[in-house]
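This report is meant for a reader meeting the structure for the first time. It takes the sheets, then the helices packed around one another, and then the annotated spans of the chain.

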Amino acid sequence: MNYLSTRGHPDRKRFCEILLEGLAPDGGLYLPEHYPQVDTAALARWRELPYAELAFEILSLYIDDIPPADLKAICAKTYTAEVFGSDEIVPLRELEDGVYLEALSNGPTLAFKDMAMQLLGNLFEYELARRGAELNILGATSGDTGSAAEYAMRGKKGVRVFMTSPDGRMSPFQQAQMFSLQDQNIHNIAISGVFDDCQDIVKAVSNDLGFKRKYRIGTVNSINWARLLAQVVYYFAGYFQATASNDKPVSFTVPSGNFGNVCAGHVARMMGLPIQTLVVATNENDVLDEFFRTGIYRVRAAADTHETSSPSMDISKASNFERFVFDLVGRDAGKLRSLFVDELGRHGRFDLSADPAFRQAAERFGFKSSRSTHADRLATIRDTDKRFATLVDPHTADGLKAAREHLAPGVPMVVLETALPIKFAATLVEALGHEPARPARFEGIEALPKRVVKLPADAEAVKAYIAQNCD
Ligand SMILES: *Cc1c(COP(=O)(O)O)cnc(C)c1O
């Protein structure tokens with residue numbers, strides 16, 4: 001399998017070449033040259049497989065530069081009941097007639113990002129050992145991504161993590177999750193500033209090409225193809241649990257921010273998994289809902305990006321969206337470039353409303369969307385608790401609300417649970433008047449010793465800290 005850039009760069013690459021890379025050299029995103037097709041015989045075989053073996057089958061369609069026995073071992077080591085809490089790994093349960101919750105948040109940091117990040121940690125360690133190389137991951141987090149990355153990379157050979165976060169602005173639980181890690185290869189850097197300051201620092205350091213090369217700086221952000229690929233697997237696993245045979249359609253609703261999660265659903269659908277509808281659920285930061293309703297993609301300014309009670313969906317633009325638009329415009333890299341480089345670069349928006357391609361988003365690719373507000377989240381959390389004795393986190397609540405707006409008779413609707421409620425306790429307290437239960441392993445983590453350095457919002461200070469800690 002070869003990978004290409006959405007912006008038309010002539011180079012073709014193999015999986016392990018793009019594993020440790022971010023954007024393609026022309027600023028595009030990597031995609032496979034084609035989507036492998038899964039026939040009914042394969043679906044029938046896969047239905048019987050445990051999760052780790054299903055992951056191996058799907059991954060091997062896209063990865064041909066890791067020997068199969070090694071890839072199989074990596075999958076087996078990643079997706080264990082010990083790490084993800086059950087043999088099913090992503091257990092499905094029916095909430096009400098035809099509406100299901102797929103549990104993706106029982107990994108080490110209680111958010112779905114563990115599903116991909118845990119695999120990425122093992123792939124990185126494998127590939128770096130094979131090359132005899134090292135990598136220093138520099139990131140910025142306001143919560144879920146940073147902790148998922150740290151728990152995936154802790155203790156891994158050849159990898160260090162330098163994770164910046166805005167000092168004092170994460171929830172006490174999220175801070176405790178990250179700062180209580182004592183592993184020598186994990187570095188928490190609390191920046192006196194806001195999340196945007198952290199992101200600016202990461203950008204500034206990455207733009208210093210000399211420093212980047214010397215200290216082998218890499219990232220683990222959501223545009224990484226390996227992360228997306230890992231997420232394709234749980235669409236298959238959810239499908240098999242929601243149906244008794246492989247001729248039945250299923251729809252999925254996905255709480256969305258950077259469009260990584262739902263893009264994996266798109267890939268699964270392109271491979272031939274019988275997905276009827278992919279519902280994109282957004283919060284008040286509704287760039288994606290606006291696009292699927294109107295055909296206009298309008299990036300928001302920082303001032304128009306709201307801080308909401310589903311913070312992991314607070315985005316001004318959706319960094320993975322370019323992958324879907326590439327397919328939407330018939331994989332025409334010239335057209336893609338004119339939209340994302342010319343139009344977006346110059347005007348901060350593009351308009352496909354009059355383009356026949358836009359109709360395909362719903363008709364051919366099955367996309368629909370909905371938007372939620374803070375009041376919707378509180379109402380959904382209360383209603384789900386009252387009627388089903390089930391607690392959902394604010395992001396999953398956005399998903400449930402959207403799902404109910406797109407139900408079709410006879411078609412199971414699977415809502416992806418993207419985090420556990422304990423991560424967002426303040427909103428649960430606001431909705432219900434009490435804290436959600438906390439898994440035993442997180443009992444008392446706020447009291448553990450913290451390993452964190454405080455630095456000013458200054459890229460030079462962060463560079464100096466990295467240099468000191470790279471021997
Ligand atoms: C990251 C995240 C999302 C958004 O996922 P994308 O892949 O960026 O669309 C939604 N919910 C939670 C809890 C998250 O951590």
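Predicted model: local features only at pLDDT ≥ 70, side-chain atom pairs only at ≥ 80, totals over all residues.

Strand E3 and strand E4 (residues 99-103) are antiparallel and joined by four bridges, and Glu94 has Tyr100 in E4 as its bridge partner. The hairpin that E3 and E4 make has two residues between the strands, and within this hairpin Gly98 takes a positive phi near 80°. Strand E9 (residues 250-255) and strand E10 (residues 275-282), by contrast, run parallel and are joined by five bridges, with Val254 finding its bridge partner in Val280 of E10.

## The five-stranded sheet

A further open sheet has five strands in the order E8-E5-E6-E7-E15, and its pairing is parallel. The strands at its edges are strand E8 (217-218) and strand E15 (453-456), each of which pairs on one side only. Within this sheet, six bridges connect strand E5 (residues 135-140) with strand E6 (residues 159-166) in the parallel sense, and Leu138 stands opposite Phe162 in E6.

## Helix H6 and its two contacts

Helix H6 (residues 113-131) packs with H7 at an angle of about 40°, the two axes being 8 Å apart. That angle makes H6 oblique to H7, and the crossing of the two helices is right-handed. On the H6 side the contact is made by Lys113, Asp114, Met117, Gln118, Leu120, Gly121 and Phe124, which meet Asp144, Thr145, Ala148, Ala149, Tyr151, Ala152 and Met153 in H7. Sorted by class, the residues of this contact are eight nonpolar, three polar and three charged.

H6 also packs with helix H11 (residues 225-242), where the axes come within 8 Å and cross at roughly 125°. This angle again makes the arrangement oblique, now between H6 and H11, and the crossing is right-handed. Here Lys113, Met115, Ala116, Met117, Leu119, Leu120 and Leu123 in H6 meet Ala226, Arg227, Ala230, Gln231 and Tyr234 in H11. The residues of the contact of H6 with H11 comprise nine nonpolar, one polar and two charged.

## Helix H7 against helix H8

How do helix H7 (residues 144-153) and helix H8 (residues 172-179) cross? Their axes come within 9 Å of each other, at an angle of roughly 25°, and the two helices are therefore roughly parallel. H7 passes H8 in a left-handed crossing.

The H7 residues in this contact are Asp144, Gly146, Ser147, Glu150 and Tyr151, and they meet Gln174, Gln177 and Met178 in H8. Divided by class, the residues of the contact of H7 with H8 are two nonpolar, four polar and two charged.

## Annotated spans

In an unreviewed entry, UniProt places the feature "domain: Threonine synthase N-terminal" at residues 2-79. In the model this span is 44% helix and 8% strand, and its end C-alpha atoms lie 26 Å apart.

UniProt, again in an unreviewed entry, places the feature "domain: Tryptophan synthase beta chain-like PALP" at residues 92-334. Over these residues the chain is 42% helix and 21% strand, and the end C-alpha atoms are 42 Å apart.

Notes
Residues numbered from 1 in each chain as written. Heavy atoms only, no water. Axes fitted to C-alpha atoms, helices over the stretch in contact; angles between N-to-C directions. Parallel < 35°, antiparallel > 145°, perpendicular 65-115°, else oblique. Left-handed = near helix turned anticlockwise from the far one by under 90°. Contact = heavy atoms within 4.5 Å. Nonpolar A, V, L, I, M, F, W, Y, C, P; charged D, E, K, R; others polar. UniProt positions renumbered as here; feature names shortened; annotations may be inferred. Pairing = 2+ DSSP bridges.
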